[in-house]
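I am keeping a notebook while I look things up in one structure.

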Amino acid sequence: MISGKNKDSWWIVVCVVAFVAVAWVSTCSLPWRSVYEARYEFRVRNFRKNVETCDSVMRNMDVMGSYGLCRYLETLPVDDGLQRKLKYDNTEKITLCVRGEDSAATACYAAALYAEACDTLQRFGDTLFARVAEVLREYGATETLADVELDLAGEASYMDLLNGAEVPQAHRTPSRAVVLLLAAVGALLFALAVCVLKVRRKNEEGC
């Protein structure tokens, strides 16, 4: 039979292992040691929805979306000493993450890459809507034409920045090693506290 003391020992081990396992999985995206990180989250305007009345224009152009822009950004060079990661999810959101040892270099490169994305999309959007305007003039669709020309005259944004409050600064990331260590220590303290409470409860019942 396993004694009560051995049961407590096994319970503590299981608790620590479980906490560390959860921390290991949840911190897989963190670097092992702390670095600077600049992150941009954005989504491209739905051009097909905006020009749905001009199918002839859409058929003759490769319409750029979030996925196409993400693939283009991946072809651009990365500055020395920096790590870049681009993620595209099912909501068509692009996450641009740049990490490095120097906060200024990290923030500067991330901002430059985001500016390149904005400039590329702006040129594409202006070109697309200029062609749409031509088609609308031919069709005599004055109401829709007015909306398109308003976009062009106002230099409409074709990209939505989702985390504007966080950029362009670079922030320190947590260290994965430290997080795992804290998880192990926290689990150990929790398990020991439970064991102490159990012993105290038994002593009180035995009185």
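**Entry 1: terms and ground rules.** I take helices (H or I, at least four residues) and strands (E, at least two) as DSSP runs, numbered from the N terminus. The model is predicted, so I note the limits: local features need pLDDT of at least 70 and side-chain atom pairs count only at pLDDT 80 or more, while totals for chains, interfaces and linings use all residues. Residues are numbered from 1 along each chain as its sequence is written, and side-chain values use heavy atoms, with hydrogens and water left out.

**Entry 2: the chain as a whole.** I found seven helices and five strands in the protein chain. Their order along the sequence is α-β-α-α-α-β-β-α-α-β-β-α. For burial I use relative accessible area: buried is under 20%, exposed is over 50%, and partly exposed is in between (1.4 Å probe, protein chains only). The chain has 207 residues, of which 32% count as buried. Accessible areas come from the Shrake-Rupley method with a 1.4 Å probe, and for residues only the protein chains shown count as cover. The chain exposes about 13,100 Å², and carbon and sulfur atoms supply 57% of this area.

I also looked at contacts, meaning heavy atoms within 4.5 Å. Among contacts between residues at least 6 apart in sequence, 75% join residues at least 24 apart.

**Entry 3: strand pairing.** I count two strands as paired if DSSP finds at least two bridges between them. Which strands does β1 run antiparallel to? I found β3, joined to β1 by eight bridges, β4, joined by three, and β5, joined by two. F42 stands opposite I94 in β3, and F42 also has L161 in β4 as a bridge partner. For β5, I noted that Y36 is bridged to R172.

I then turned to β2 and β3, which pair in the antiparallel sense over seven bridges. One of the partners there is L96 in β3, which is bridged to L86.

**Entry 4: the hairpin and E92.** The hairpin of β2 and β3 has four residues between the strands. E92 lies in this loop between β2 and β3. Its phi is positive, about 70°, although E92 is not a glycine. I wrote down the rule beside this: most residues other than glycine have a negative phi, and most peptide bonds are trans. Is E92 buried, exposed or partly exposed? E92 is partly exposed, with a relative accessible area of 39%.

**Entry 5: a cis peptide bond.** I looked up the bond from V167 to P168 and found it cis, with omega near 10°. P168 sits in the loop between β4 (159-161) and β5 (171-172).

Entry 6: L30 is in the loop between α1 and β1. From L30 to T173 there are 143 residues along the sequence, and 7.3 Å in space from C-alpha to C-alpha. Leaving aside neighbours within four places in sequence, L30 is in contact with R99, P174, R176 and V179.

V22 lies in helix α1 (residues 4-26) and is exposed, at 56% relative accessible area.

N46 lies in the loop between β1 and α2 (47-50). N46 counts as partly exposed at 44% relative accessibility. Its C-alpha atom is 8.4 Å from that of Y158, 112 residues apart along the chain.

**Entry 7: the largest pocket.** On a 1 Å grid over the protein atoms alone, a pocket is an open set of points where a 1.4 Å probe fits, with protein on both sides within 12 Å along at least five of seven lines; lining residues have an atom within 4 Å of a point. Grid points are joined across faces, edges and corners, and the volume is the space filled by probe spheres set on them.

The largest pocket has a volume of about 310 Å³. It is lined by 13 residues, and the closest to its centre are R39, K85, K87, T95 and C97. Strands β1 (36-44), β2 (82-88) and β3 (93-100) each supply at least two lining residues. Which strand gives the most to the lining? It is β2, with five residues.

Last, I sorted the lining by type. Ala, Val, Leu, Ile, Met, Phe, Trp, Tyr, Cys and Pro count as nonpolar, Asp, Glu, Lys and Arg as charged, and the others, Gly among them, as polar. The lining has eight charged, three polar and two nonpolar residues.
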